[in-house]
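Have the structure open as you read.

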Amino acid sequence: MISGRTNVYGIFGFPVEHTFSPGMHNAGFIKLGMDACYVPFAVDPGSLADAVRAIVPLGLQGLNVTVPHKEKVIPFLHELSEEARLIGAVNTVEVVEGKLIGHNTDGRGFLRSLTDDAGFDPRGKRFFIMGAGGAARAIGFSLALAGAAGIGLRDVDREKAEALVGDIRNKTGVSATAVRDEAIETFARAADCLVNATPLGLRKSDPLPIGKEQIQRGQLVCDLVYNPPETALLKAARARGAQGLSGLGMLLYQGVIAFEIWTGKKAPVRVMKNALAGQIASRRA
């Protein structure tokens with residue numbers, strides 16, 4: 001039951017009809033017996049400043065931020081966590097005594113999925129990331145901060161990849177390379193972990209983001225696409241003797257970490273995961 005005492009959390013995005021976050025977070029609140037709810041807010045880009053200024057007066061307790069606002073919300077916040085500052089994007093806003101603190105839990109969500117779901121320690125490992133967009137940026141910096149030995153990035157927009165590689169090298173000191181087309185095979189075969197951070201795989205007609213012959217036995221292959229749960233890339237990885245990891249874990253754990261930032265409570269991970277998986281399955285039906 002929602003009352004005048006209910007704590008309200010939510011997500012700013014445009015559009016937000018597709019978001020799975022309300023089901024995941026509301027399941028968590030119910031499990032913990034919290035008088036709280038999570039609501040999606042469709043915030044037009046032209047109204048972002050007004051929406052952020054309304055957070056404290058409306059008494060909102062915490063927010064997620066999704067496209068197209070992750071970078072544009074930063075000037076309206078009071079503080080940034082180290083990760084959010086390095087990545088240059090915010091997906092979680094913490095409200096503390098009237099101040100808005102920006103966090104980025106995407107990269108940490110990916111790292112937690114690596115360790116908890118795949119048993120994979122990123123320290124000293126080599127990564128090859130396909131894509132150089134927002135997800136690749138969050139993952140790249142988080143891997144660098146976690147002690148990765150080297151990171152290769154490849155994007156159809158070479159300038160974008162070079163800019164991200166330069167940022168990672170300059171801000172963390174970790175070896176990073178913008179991979180040219182002729183060097184893809186070399187980097188892919190040498191990597192301990194391959195990461196698809198492109199949209200390829202959302203549709204059945206999509207090509208693989210990397211040639212299946214470049215996947216090696218014993219590698220970990222991560223696909224940030226979580227719907228379908230097993231993409232063509234993950235099927236190819238299994239056929240080549242590699243371990244596969246879907247994007248569901250990153251989606252789950254970025255929400256889990258946000259939940260814990262807002263509430264100070266340990267999130268009911270299993271309940272939130274079941275709620276998330278149920279939503280994805282129903283949308284595919």
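## Pairing in the sheet

Before we look at partners: two strands count as paired if DSSP finds at least two bridges between them. Keep in mind that this is a predicted model.

Take strands S7 (residues 126-130) and S8 (residues 150-154): they run parallel and are joined by 5 bridges.

## The whole sheet

Zoom out, and S7 and S8 belong to an open sheet of 6 strands, paired in parallel and ordered S9-S8-S7-S10-S11-S12. At the edges sit strand S9 (176-178) and strand S12 (243-246), each pairing on one side only. On average, neighbouring strands of this sheet are turned by 15° against each other, direction ignored.

## Helices across the strands

Two helices to find next. Helix H6 (residues 134-145) lies across S7, S8 and strand S10 (193-196), and runs at about 170° to S7. Helix H7 (residues 158-172) lies across S8 and S9, with an angle of about 170° to S9.

## A closer look at aspartate 106

Now hop over to helix H5 (residues 106-118), where you'll find aspartate 106. Is aspartate 106 buried or exposed? Its relative accessible area is 12%, and the cut-off for buried is under 20%, so aspartate 106 counts as buried.

What does the side chain of aspartate 106 pair up with? A polar contact of 2.9 Å links it to the side chain of lysine 70. Leaving out residues up to four places away in sequence, aspartate 106 touches Lys70, Asn91, Ala138, Met250 and Gln254.

Methods. Residues numbered from 1 in each chain as written. Predicted model: local features only at pLDDT ≥ 70, side-chain atom pairs only at ≥ 80, totals over all residues. Heavy atoms only, no water. Helix = DSSP H or I, 4+ residues; strand = E, 2+ residues; numbered from the N terminus. Axes fitted to C-alpha atoms, helices over the stretch in contact; angles between N-to-C directions. Contact = heavy atoms within 4.5 Å. Buried < 20%, exposed > 50% of the residue type's maximum accessible area, 1.4 Å probe, protein only. Polar contact = N/O pair within 3.5 Å; in protein donor to acceptor, adjacent residues only side chain to side chain.
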